Amino acid sequence: ILTLAVVLVGTWNGKWFPSGRAEHRASPEREAQTVSAAGQMLRSGLSRLDPLGTNDLILCFNEIRGPEVARKLCSAIGRTNLSVAIVTAYRRRDRFDQQQDVIMTTLPVLDATWKLWKRKDRIYPPRGYAHARLRLPSGAEASVYAVHLKSNYGATTEELRLDNRTKRAAAIGQLISQEPRGSTVIIAGDFNADRWRAEFADETIFEQLEKAGFDNPLADLPAASRATYPSRRHGDSTLDYIMLRGMRVLRNPLIESSGSISDHDAVLMLCQ
């Protein structure tokens, strides 16, 4: 029997949302259709885990253009008590980036901010993180991070791939170091690495998180059911994660297909 202390946690990379293309603006009508379709997709996934719509939500998003789009998506999801807690404001040269990270929630927000990753030893991870401290239904606090780690896009040499792995490891290491051991933490988003694919065998972020006490609920799914980045060309990958510490998953996570809206599918899970 599920209790009122259950929280539905989700993450989704919207793919240059809502235009769908890098450095591109679709027509207002097309973007409105995309926002509406995304809201319907997310509602469908949420209702599969929470048919009555009574559980609180923590939703983390990547590649959202900015605050206005975040608010429109929040409205399209259709939960009247859902609000935008924080939107990052990363810059790209002389303007705001079109790939921002977002946290939405129905829970009380104790604090919300965003930060760029710290730079150390000439390691410059791109972007940063959205962060919110939330009051859980149990009364405990949870520290929630929405992250979009460095990708391997364009990494044609082992030297470049090593540089990308180092940036991902530095980012995750920063989050681990700034949270007290044993605190309740959620790290969600596009990790741009697959825990199970051979090409990521040298990745350290998953071991870093495991050693710091985080659970990876997607590990409970069979290999054929945990892809979040379906690709006929490169093979299916699991790139999007919700890592938990101090919370447990009540049933197997759900991967909700985003169809043609994005190249990433949404990850949803009931947590307590």
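Is Tyr129 buried or exposed? Tyr129 is buried, with a relative accessible area of 6%. Buried means under 20% relative accessible area, exposed means over 50%, and partly exposed lies in between (1.4 Å probe, protein chains only).

## About the model

This is a predicted model: local features need pLDDT of at least 70, side-chain atom pairs count only at pLDDT 80 or more, and totals for chains, interfaces and linings use all residues. Residues are numbered from 1 along each chain as its sequence is written, and side-chain values use heavy atoms, with hydrogens and water left out.

## Aromatic rings

A pair of aromatic rings is described by the distance of the centres and the angle of the planes. Rings of Phe, Tyr and Trp (its six-membered ring) pair if their centres lie within 6.5 Å; planes under 30 degrees apart count as stacked, over 60 as edge-to-face and the rest as tilted. The structure holds nine such pairs. One of them joins Trp117 and Tyr129: it is tilted, at 5.2 Å centre to centre and 55° between the planes. Trp117 lies in the loop between strand E7 (109–116) and strand E8 (128–135), and Tyr129 lies in strand E8, so the pair ties together parts that are 12 residues apart in sequence. Trp117 is buried too, at 5%.

Ring pairs also link Phe191, Trp196, Phe206 and Tyr241 into a cluster. Arg226 lies over the face of Trp196, 3.8 Å from the ring centre. A charge sits over a ring if NZ of Lys or CZ of Arg is within 6 Å of the ring centre and within 35 degrees of the ring normal.

## Helix H2

Helices (H or I, at least four residues) and strands (E, at least two) are DSSP runs, numbered from the N terminus. Helix H2 spans residues 67–77. Its buried residues are Val69, Ala70, Leu73, Cys74, Ala76 and Ile77. They cover an arc of only 165° around the axis, which puts them on the same side of H2. The arc is that of the directions from the helix axis to the C-beta atoms.

The face turned away from the buried side carries exposed Glu68, Arg71 and Ser75. Just after H2, Gly78 takes a positive phi of about 90°.

## Cysteines

A disulfide is a pair of cysteine sulfur atoms within 2.5 Å. The count comes to zero. For Cys60, the nearest cysteine sulfur is that of Cys271, 11 Å away. That is too far for a bond. Cys60 is buried, at 0%, and Cys271 is buried at 0% as well.
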